[in-house]
Each structure stands twice: as structure tokens, then as C-alpha cells.
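Grab a pencil and work through these exercises with the model open beside you.

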Amino acid sequence: MAPQAVNLVNLENVSKSYTARTLLDRVSLGLSEGDRIGVVGRNGGGKSTLLRVLAKLDEPDSGRVTHTGGLRVAFVGQHDTLDPAATIRHELVADKPDHQWLADARVRDVIEGLFGGVDFPAFPEGMDTRIGPLSGGERRRVALAKALIGEHDLLLLDEPTNHLDVEGIAWLARHLATAKPALLTVTHDRWFLDAVTTRTWEVVNGQVLDYDGGYSAYVLARAERQRQADAEWDRKQNLLRKELAWLRRGAPARTSKPKFRIEAANALIAAEPPVRDSAELQKFATSRLGRTVYEFEDVSYSVGDGPERKQLLKDVSWHLGPGERLGLIGVNGSGKSSLVRLLLGEVKPDSGRVVTGVTVKPAHLSQEVAEIDPTWRVLEAVEKVHSTVDIGRGKTLTASQLLERFGFTGEKQWTRVGDLSGGERRRLQLLRLLMDAPNVLLLDEPTNDLDIDTLTAFEDILDSWPGSLLVVSHDRYFLERTTDRVAALYGDGRIRLLPGGVDEYLEHRANRVARVGEPRTTKTASQPSNQQKGSTSAQEQRATKKELARIERRLDKIAETEAKLHEELSKIGGDYLAAAEADAKLRELHEERLRLEDEWLSLSA
């Protein structure tokens, strides 16, 4: 018989209110050793408050919070408590010399995973960089690393994936899935929840509902609970059921399918159609946009001046077609946001040409929250754009109906904009973009500050939205849910399509890091003299450059062929034999491209 897990924290009839709003209402629950719990719920619903109460950072208005004796808790909130005068070294390893902390494999793993190497390549002064001048994202990485390095029994993490790129999130998921401390995390990253958690707490109307399993299992259980509660439940319109159908059937790039009750899930989604009819949407988008949306013709673009000048794009030819849904990922600083600014005409290329279709009406959701008159009411702010919006397939919503779908219900629509939270203002910014009826959406980190219910509603609207979509995001779930193809910027000036999606990107990046990190050969007595070596190196360098040029030409050719095949696939329709043939060719090209990229990386290193 397995030993019973030790209880770490107990809440008994805990209530907590702010002003006139009750966030926790007589909540009783427990958290034990080995627990991996994800916390979900609407923004402002009490998720962060629950974490702070569990950590004993906030006192409840009533009830009791009990910690087991000697409990060591690490809390990483959305605002850190780091000493601005301290160095990164002091915060992470208490000023230990390098040889001491480098000898600890666990410390090395955390630092490499969050900072890209033990030499802290992004910080000019390495570990001796002061905390004060760091950006919010950099400070957050330091706070997260400090919690993971320390000896703790319980980790309480509030939005730990914020400011992390796709690689950082994947590393953090692997680390937490095998870490010893119990874990409670608040996050809107649904892929991360599925990868890390084994239970889900939903904070709603002052209560905390407990579900077994990660996010996918939570979706099923919540849908089933709603079905049982309402005999007249309209299955065709229910967002939970629609998302469940996608989780069970779609997203071929997902590597971990949900392990919930298959029979129950299949029964719920039996009559649910695919989340979107891509062929029909593309046909409609072409009628709205024509054949040209955006095209790059041999575009090069650099940023910075003098020796600091960095080339982000080099002789790139690429296009975004009508109805195309493309996700864009890449390392930080590779040029993702710059590419969006080039499309919008906010910056000009150094050379080449950016072609914009004459009928293109773009809308750009940036990482910055647009300023809206704080005296306006929420409904007024939306109606000043339009009173109704066409969301495709003959569906029209009023401003009030759209607000309700995004969580602005009842009196909330009459709240002053100045009284909204950051997440609520983000939602309002998104709504105003949609009300302007654009035919091209350029979304730069759209999931920032949005809760899961809002993301689900947004995805539902995008399913029937007939236009071209470009999504720049580190949120794997949102990318896979809303886009049909993924492309990557690796920082070498090119755009590469990824038939294998985010998993292919992570595999490529891991291979690259492994190759670049290979130890150099130590010089021995049997090696040639400097003069002989220099002569041989010059010959080798000429041969290497020639081979690199050949590989680059072939990679460009492959990219062009892949683009043509994807265009053919979009026009094939119901000709399954032709579709299968095109798909087989794409797979062959994909394998050849991976092989050539490995060769290129090896030669360039």
C-alpha cells in the first residue's frame, strides 16, 4: 500500500473580499506533497488572491490557513520583491564563487534553461549585473530562477510563462514536471497546464472547483458538468464542447493528447463539425481581398547603427495570401515585431519591396495597450468604432453582444475605462479592433493579460472570421488552435515554413544549440604546424563557403517549392489523391530541408 501524501496547506472556511467584491467565499481545500495544480478562472476572479492567501502573504477576512510545520514556500508573483541594489549573483547563489555553484547540476540546469547559458549571454556583466536597471521581463526570470534554485516544499507561481519564449516555456514545463516540490500555478497558457499539471482548480463566483487532470481533462469535466446541469443545453453553440472537439481531433502538431475518458469525450463531440471550414473561409477571403495581401520581394532590413547594426531579414521573398492563417515564432530579437511593422508600412526595408494589396484593411494588436479615453464607458468605447460587426457566415453581433462574449456582462459595460484592470483594457482593445471589420489581422502576443475564457471566445470568433491572419506568439496552444501553418525566424535573416509546427522549431533549436555547444578539439603534437594549418584552413574555408552557398541556394529553392505546394493544397478542395500527392512531396522536402539545415549549421560552426 502506497504511503499517504503529507498535507502541506489547509484552507478552512476562508473568505476574502476587496471593496464590495467577494473573491473567496468560505473556501475549504487542501494541498499535499506531489500535487501539481493549475489554477484557472476569469481575470479579477480571485486566482492571484488565492495564491497569496495560501502563501500567508495576505490574511483572510475569516477562516483559517494552516501550514505544516517547517513548510518552505517559494512565491513568485506578478511583481517581484528583488533588491534593486543587489546583483544577479547575490539573488541566485548568495555571492558564491563560480566554481562552487557550477558544481551543482541543478543550479546549472536552471540558469541554462532560463538565461541561455551559465555565462548569462544576454547580460554584459554576466552574474554581476545589478538588478535595478533590468527590464520587467529580465527581473521576472531572475525571480523565477531564484525560486527554482532554492530548497522548497511548495512552489506558488503566478503566470510563470510571462516573458518566456517558446523554448523557455518548454524547458520550464520539463523542469516542473519532474521537480520535487509541490506546485500550484496560475497561468493562461493551456499547453503549459496540460504539460505540467495533474489537477485543476477553477476559481469562479468566490468558490474553488476541483477537477482531476490537466487542462484537457478540465475542459471535458466542465462540459459534462454543464450538460448535466442543463437538459436543454445547445450543443452546437457551446464553446467548451467545440474546444473539446478540437482537443480530441485536431492539432496534428500536439505531442501529448489528453488522457481523459475517451468514450465520454467522443459521445459529447459526436455531432460537432470541425472548428472551421478552411476551404470555404479562404474562398470568401479571396472575394474580399483579391489574390494579393502582402508580398515581400527580396526584402532586407536591419536595425541599429554602426558596429551594433543587426540584419534581421536578408533578401527575403515571402507572401501572406488571402485567408491564410500563419503563426510566427522565433528567438527574441529575431525580427518578428519588425516584420509586422514592415507589413504595416511603419518602417521601410533597406532594399527590396513590400507589396500591399489594394483592398487590404489591416488591424494590428500590439503588445502595448492602446490608450482609450478613461472617461468613456466600456460600451461607449466600442460603439464609437461601430455599433455592429459582421463576424462571417452571415453572423452579425451588436457591440453589447460582443462585449458579453468577452466577459463584459451587465453593469460592467457601463464601467468607466479608467476603472478597468490591465487585462480588461487589453480585452477592450481587442474588441475595438474587431468592431472595425478588418480583413487582415496582425496579432503581436495577443494572449498577454487575457484569461482562458476570453481566449476561448476570441478563438471561436476567429473560427468564422474570413480574412488573413498573422499571429506572433509564444503561446503554443493559441498558435495551434487559430493558425493552419507555422513559420520561424531563427535570427539568420530568413523565414522558414515549419510543416511540423512548434515541435519542429524546438527540435531544430535543440540541434543547433547542441552543435554550437560541441567542445572544440584541443591542439596536440600530431597536428600540423601553424603555417601548414593556416594554408589548409584557407583552402578549407573556401571550400566551406562554396558548400554553404550551395546549401543556401537549395534551401531557398525548397522554400519556394513548399510555398507553391501549400498554395496548391489550398486550391485542391476535395481531390484527395492530389492532396495526398502534394502532402507526400512536402514531407520529402521537409526531410531534405532538415538534413541540409543540419549540414549548414555544422559547416558554419
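**Exercise 1.** Is the crossing of H4 and H5 left-handed or right-handed?

*Solution.* Before we start: this is a predicted model, where local features need pLDDT of at least 70 and side-chain atom pairs count only at pLDDT 80 or more, while totals for chains, interfaces and linings use all residues. Residues are numbered from 1 along each chain as its sequence is written, and side-chain values use heavy atoms, with hydrogens and water left out.

Step 1: find the helices, which are DSSP runs of H or I with at least four residues, numbered from the N terminus, just as strands are runs of E with at least two. H4 covers residues 105–115 and H5 covers residues 136–149.

Step 2: get the geometry. Their axes come within 10 Å and cross at roughly 160°. That makes H4 roughly antiparallel to H5 (angles over 145 degrees count as roughly antiparallel). Axes here are lines fitted to C-alpha atoms, for helices over the stretch in contact, with angles from 0 to 180 degrees between N-to-C directions.

Step 3: the crossing of H4 and H5 is right-handed (the near helix is turned clockwise from the far one by less than a right angle).

Step 4: list who touches whom, with contact meaning heavy atoms within 4.5 Å. H4 brings Arg106, Val107, Val110, Ile111, Leu114 and Phe115, and H5 answers with Arg141, Val142, Leu144, Ala145, Leu148 and Ile149. Sorted by type, that contact has 10 nonpolar residues, no polar ones and two charged ones (nonpolar: Ala, Val, Leu, Ile, Met, Phe, Trp, Tyr, Cys and Pro; charged: Asp, Glu, Lys and Arg; polar: the others, Gly among them).

**Exercise 2.** Work out how H4 sits against H6.

*Solution.* Step 1: the axes of H4 and H6 (residues 166–178) come within 8 Å and cross at roughly 155°. That makes H4 roughly antiparallel to H6.

Step 1: Asp109, Val110, Gly113 and Leu114 of H4 meet Gly168, Trp171 and His175 of H6. This contact divides into three nonpolar, three polar and one charged residue.

**Exercise 3.** Trace the sheet that holds E5, and find its edges.

*Solution.* Step 1: six strands make an open sheet with mixed pairing, in the order E5-E6-E7-E3-E8-E9. Strands pair if DSSP finds at least two bridges between them.

Step 1: E5 (73–76) and E9 (207–212) are the edges; each has a single partner strand, so one side of each lacks a neighbour in the sheet. On average, neighbouring strands are turned by 15° against each other, direction ignored.

Step 2: E5 pairs with E6 (residues 154–158) in the parallel sense over four bridges. Val76 stands opposite Leu157 in E6.

Step 3: look for packed helices. H1 (residues 47–54) packs on the sheet, and its direction makes about 155° with that of E6. H6 packs there too, touching E3, E6 and E7.

Notes
Angles under 35 degrees count as roughly parallel, over 145 as roughly antiparallel, 65 to 115 as roughly perpendicular and the rest as oblique.
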